[in-house]
Each structure stands twice: as structure tokens, then as C-alpha cells.
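I opened the notebook with a few things to look up.

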Amino acid sequence: VNVIQTMTYYCIGKWIVEEQQKGEKRAKYGKQILKQLSETLNAEFGRGFSVDTLENMRKFYLVYQDRISENLYRNFAIEKSEKVSRILDDEKPFALSWSHYVKLMRIEDESARKFYENESIKNSWSLPELKRQCGNIFELDNISEEDFEEEWRVFQAKSDRSSAMNE
């Protein structure tokens with residue numbers, strides 16, 4: 001897992017939200033900012049900074065903004081401290097690949113998102129396996145909404161008991 005990549009994308013997302021959008025979830029001129037930023041980053045660092053990727057970075061920060069302490073952010077993004085690698089060994093804020101998080105961010109329900117993240121880590125799910133597992137629970141074509149909600153409540157109760165046992 002490339003923790004440096006996910007941390008970098010988190011920091012870029014934070015910068016977009018806090019500096020370019022002034023803390024707003026969306027800037028009125030957001031597409032223009034991301035288009036200009038994409039052109040600048042691609043010119044300076046090479047490809048890999050499309051508008052879609054920058055939108056994912058912004059969303060990544062918004063979804064996981066409580067995951068990284070201000071101290072870790074400062075050491076990683078601002079001070080570029082050598083102790084960051086030691087900190088990341090102790091405090092791994094992101095244990096999955098960027099592609100896993102792009103998939104997880106699409107899950108609106110926070111508890112479901114956490115469940116799939118934890119299961120992915122615990123079971124070493126590949127991205128295709130994560131997609132398959134997410135597809136299983138969210139396919140509502142073959143299940144009524146009431147049945148789905150009941151299945152979800154049962155799942156959450158099991159998950160809560162499991163979490164309590166691990167504490």
C-alpha cells in the first residue's frame with residue numbers, strides 16, 4: 001500500500017478545500033479552479049492530475065478529514081519531516097490503496113463505508129473483491145427496501161458486538 005500516495009492526495013484535497021474553496025464544500029467556480037490546477041500540476045509533475053482525480057482528492061479529504069491529526073498533517077505536508085515515516089509506521093491513517101478509497105468514497109452511509117474498509121483491511125481484499133462485496137449488499141434489485149434495511153440492522157448489530165469484543 002502506498003501510504004505516501006494516499007497521504008499526498010489527502011493533502012492536495014485539503015489544500016483544494018481549505019485554500020482554494022475557503023473551507024466551503026464546493027466553490028462557485030470549482031470546475032475552473034480544478035481545471036487550472038490540473039493544467040499546472042500536469043505541467044510541473046507530469047500526468048496524473050486530471051480534473052476527475054483532483055475531484056476525488058477533494059472528496060477524499062472531505063470524507064476522511066477527521067482521520068489525520070493536525071500534527072501528522074503538518075509533519076507530512078508542511079515540514080516534510082524525516083520522522084514522518086516513523087509516525088506513519090505507528091499511525092497508519094490509510095491502510096488501503098488509493099483505488100480502494102476511490103471505491104469506498106462512493107458509499108454514502110458512513111457505517112457501511114467503515115465496515116467495507118475494515119473488512120478490506122482484515123481480509124486483504126483486492127479492489128475487485130471489494131467491488132464484488134460492495135455489490136452484494138447494495139444490489140436492491142432482488143430485495144425489497146424493508147428487507148434490505150432489516151439485513152443492514154442485523155449486520156450493524158453484529159458489527160457493533162464484534163467491535164465491542166475487540167476493545
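In which helix does Lys14 lie? I looked, and Lys14 lies in helix H1. I note at the outset that the model is predicted.

**Entry: the chain as a whole**

I went through the secondary structure next. The chain has 9 helices and 0 strands. Read from the N terminus, the order of elements is α-α-α-α-α-α-α-α-α. I then checked burial, and 35% of the 167 residues count as buried. For contacts between residues at least 6 apart in sequence, I found that 62% join residues at least 24 apart.

**Entry: Lys14**

Is Lys14 buried or exposed? Lys14 has a relative accessible area of 7%, so I put it down as buried. The cut-off I used for buried is under 20% relative accessible area.

I listed its neighbours, leaving out residues up to four places away in sequence. Lys14 touches Glu19, Tyr61, Glu70 and Tyr73. I also looked at Gln65. Lys14 and Gln65 sit 51 residues apart in sequence, yet their C-alpha atoms are 7.9 Å apart in space.

**Entry: Lys14 and Glu70**

The side chains of Lys14 and Glu70 are joined by a polar contact of 3.5 Å. The pair also forms a salt bridge, with 3.5 Å between the closest N and O atoms. Which parts does this pair tie together? Glu70 belongs to helix H4 (residues 70–78) and Lys14 to helix H1, so the pair links parts that are 56 residues apart in sequence.

I compared the accessibility of the two partners. Glu70 is partly exposed at 43% relative accessibility, whereas Lys14 is buried at 7%.

**Entry: H1 against H3**

I turned to the packing of H1. Helix H1 (residues 3–20) packs on helix H3 (residues 51–64) at an angle of about 90°. Their axes are 7 Å apart. H1 and H3 are therefore roughly perpendicular to each other; angles of 65 to 115 degrees count as such.

Which residues make the contact? From H1 I noted Thr6, Tyr9, Tyr10, Ile12, Gly13, Lys14, Ile16, Val17 and Glu18. From H3 I noted Leu54, Met57, Arg58, Phe60, Tyr61, Leu62 and Tyr64. I sorted the residues of this contact by type, which gave 11 nonpolar, 2 polar and 3 charged.

**Entry: other salt bridges**

How many salt bridges does the structure hold? I found 7 salt bridges.

Glu110 and Lys114 meet through their side chains in a salt bridge, 3.2 Å from N to O. Both are in helix H7 (residues 110–123), 4 residues apart, and are thus separated by about one helical turn. Glu110 is partly exposed, with a relative accessible area of 46%. Lys114 is partly exposed as well, at 44% relative accessibility.

Glu129 forms a salt bridge with Arg132, and the closest N and O atoms are 2.7 Å apart. The two are 3 residues apart in helix H8 (residues 127–138), with about one helical turn between them. Glu129 is partly exposed at a relative accessible area of 22%. Arg132 is partly exposed at 43%.

Next I asked which residues are joined through shared partners. Lys14, Glu18 and Glu70 form one network of salt bridges.

**Entry: Ser120**

I went back to H7 for a serine. Ser120 lies in helix H7. Is Ser120 buried or exposed? Ser120 is at 1% relative accessibility, so I count it as buried.

What does its side chain reach? The Ser120 side chain reaches the backbone oxygen of Tyr116 at 2.7 Å. Leaving aside residues up to four places away in sequence, Ser120 touches Leu96, His100, Trp125 and Leu130.

**Entry: Ser124**

Last, I checked a backbone angle. Ser124 is not a glycine, but its phi is positive, at about 50°. Where is Ser124 placed? Ser124 is in the loop between H7 and H8. With a relative accessible area of 63%, Ser124 is exposed, whereas Ser120 is buried.

Note on methods: Residues are numbered from 1 along each chain as its sequence is written. This is a predicted model: local features need pLDDT of at least 70, side-chain atom pairs count only at pLDDT 80 or more; totals for chains, interfaces and linings use all residues. Side-chain values use heavy atoms; hydrogens and water are left out. Axes are lines fitted to C-alpha atoms, for helices over the stretch in contact, and angles run from 0 to 180 degrees between N-to-C directions. Angles under 35 degrees count as roughly parallel, over 145 as roughly antiparallel, 65 to 115 as roughly perpendicular and the rest as oblique. Contact means heavy atoms within 4.5 Å. Ala, Val, Leu, Ile, Met, Phe, Trp, Tyr, Cys and Pro count as nonpolar, Asp, Glu, Lys and Arg as charged, and the others, Gly among them, as polar. A salt bridge is a side-chain nitrogen of Lys or Arg within 4 Å of a carboxyl oxygen of Asp or Glu. Buried means under 20% relative accessible area, exposed over 50%, partly exposed in between (1.4 Å probe, protein chains only). A polar contact is a pair of N or O atoms within 3.5 Å; within protein, one must be able to donate a hydrogen and the other to accept it, and residues adjacent in sequence count only if both atoms are side-chain atoms.
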